[in-house]
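Take a moment to look over the model below. The paragraphs after it lead from one site to the next.

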Amino acid sequence: MAYTVSKLTDYSAEALEKAAAGCVRACADEAAAVRNDAELKAFRDRWLGRKSGVLTQINDLWLKGAPKDAKREAGILVNELKARIQELVDGAQVSGSGDDADEQRVDISLPGVRRPIGAEHPVIKTTNEMVRVFQKLGYSVADGPVVETDYYNFEALNFPPNHPARDTQDTLFIAGQQSKPQRERLLLRTHTSPVQIRTMETMRPPIRIVIPGTVHRNDPPDASHSPMFHQIEGLAVDTNITFGDLKGTLDHAMKEFFGSSVKTSFRPSFFPFTEPSAEMFVSCFICGGSGKRGNDPCRPCKQTGWIEILGCGMVDPNVFEFVKDNAYDPKRVSGFAFGMGADRIALLKYGVDDLQLFFNGDVRFLGQFA
Ligand code: DAH
């Protein structure tokens, strides 16, 4: 028999509890029996209807009809009851198979749920391609921390404390490090070169490694700068490594990466951790080295026919001194190193004119490289 609200005569705590429990049970049973949308609506109206819903009746019969001294108790109980009934009504669902055809209709014309699988970021893709070139030459991949100490980022790379060469690195320092000795102070690594030292500390020569990774510098973002960017570093150490090995290796790598028709050119430069040092250029793979595209000037190489790709050189003996104990005696071993900007190479490779496009996360832009 359907539940009906009857007047209360007994307002004792037990009687109130019992009446409330009976009401909740009835509501729950009715909720479970709802079989279609029409029944659901009827159920909702029956319990919550403003004029003559069960809750309204309870309000009238139990609360308004309560004797003065039971009003407070009855009020608390009715409030709890209302919340419980509301929950049951809200939670009620059309159940069972039902014969009502509306119930489970699926609209097959609606678009499905798209789950884009994502793709490699163009900078990561470029990095991986470059790393692969060196892996084929027998290099392995090494990495190290982005939050680095002064020792690895500078001192062991032959940037002595207070040396002006440090100024070229626009370093972002971690705050609150003043109480530590300088070499232990933390900073965001400004290049991947510290991993040269870290690797030589743990691996004895001969070694051949490539080191991809993020680096940071205090550069405001613009079309060609970003406070975070990516480098790929390389290091080869053995007995009798010469500048000829450096040139041969890098020339081969550039031909693998950009195509066999590119040429390389080495121009003297300076880095504290290499001696001698050079900048390596590749002939412009956009204009073929002519500096012109049809009648227009070639912009990526600024009409010179050459594009600067990396810094390199022979590992400075002073650097080996820091890892001498792990068999890097500068009298016995020699090596070459190089470092390039992966973002810049990706910009050139894909003909993108604004570095920020790589980092502001617009999937319409990034999706083009998938
Ligand atoms: N670490 C240098 C920089 O970020 C790049 C570089 C130059 C790396 C010469 C090397 C190297 O390993 O030999 O400016």
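Buried means under 20% relative accessible area, exposed means over 50%, and partly exposed lies in between (1.4 Å probe, protein chains only). By that rule Ser283 is buried, because its relative accessible area is 9%.

This is a predicted model, in which local features need pLDDT of at least 70, side-chain atom pairs count only at pLDDT 80 or more, and totals for chains, interfaces and linings use all residues. Residues are numbered from 1 along each chain as its sequence is written, and side-chain values use heavy atoms, with hydrogens and water left out.

Start with the overall layout. The domain assignment of the protein chain gives domain 1 (13–104) and domain 2 (122–369). Such bounds come from an automatic or database assignment. The C-alpha centres of the two domains lie 72 Å apart.

Now return to Ser283. It is found in strand β7 (residues 274–283). Helices (H or I, at least four residues) and strands (E, at least two) are DSSP runs, numbered from the N terminus. Ser283 touches Ser261, Val262, Lys263, Gly305 and Trp306, leaving aside residues up to four places away in sequence. Contact here means heavy atoms within 4.5 Å. A polar atom of the Ser283 side chain lies 2.8 Å from the backbone nitrogen of Lys263. A polar contact is a pair of N or O atoms within 3.5 Å; within protein, one must be able to donate a hydrogen and the other to accept it, and residues adjacent in sequence count only if both atoms are side-chain atoms.

Next comes the ligand. Which residues come nearest to it? Of the 15 residues around the ligand, they are His191, Ser193, Arg217, Gln231 and Glu233. A residue is near a molecule if one of its heavy atoms lies within 4 Å of it. The shell divides into 5 nonpolar, 8 polar and 2 charged residues. Ala, Val, Leu, Ile, Met, Phe, Trp, Tyr, Cys and Pro count as nonpolar, Asp, Glu, Lys and Arg as charged, and the others, Gly among them, as polar.

Ser193 has a polar side-chain atom 2.9 Å from a nitrogen atom of the ligand. A backbone N or O atom of Ala337 lies 3.1 Å from a ligand oxygen atom. For Phe338, a polar backbone atom is 3.3 Å from an oxygen atom of the ligand. The elements giving two or more residues to the shell are β5 (228–238), β10 (306–315) and β11 (334–341).

Finish at Gln368, in the segment after α11 (363–366). Is Gln368 buried or exposed? Gln368 is exposed, because its relative accessible area is 59%.
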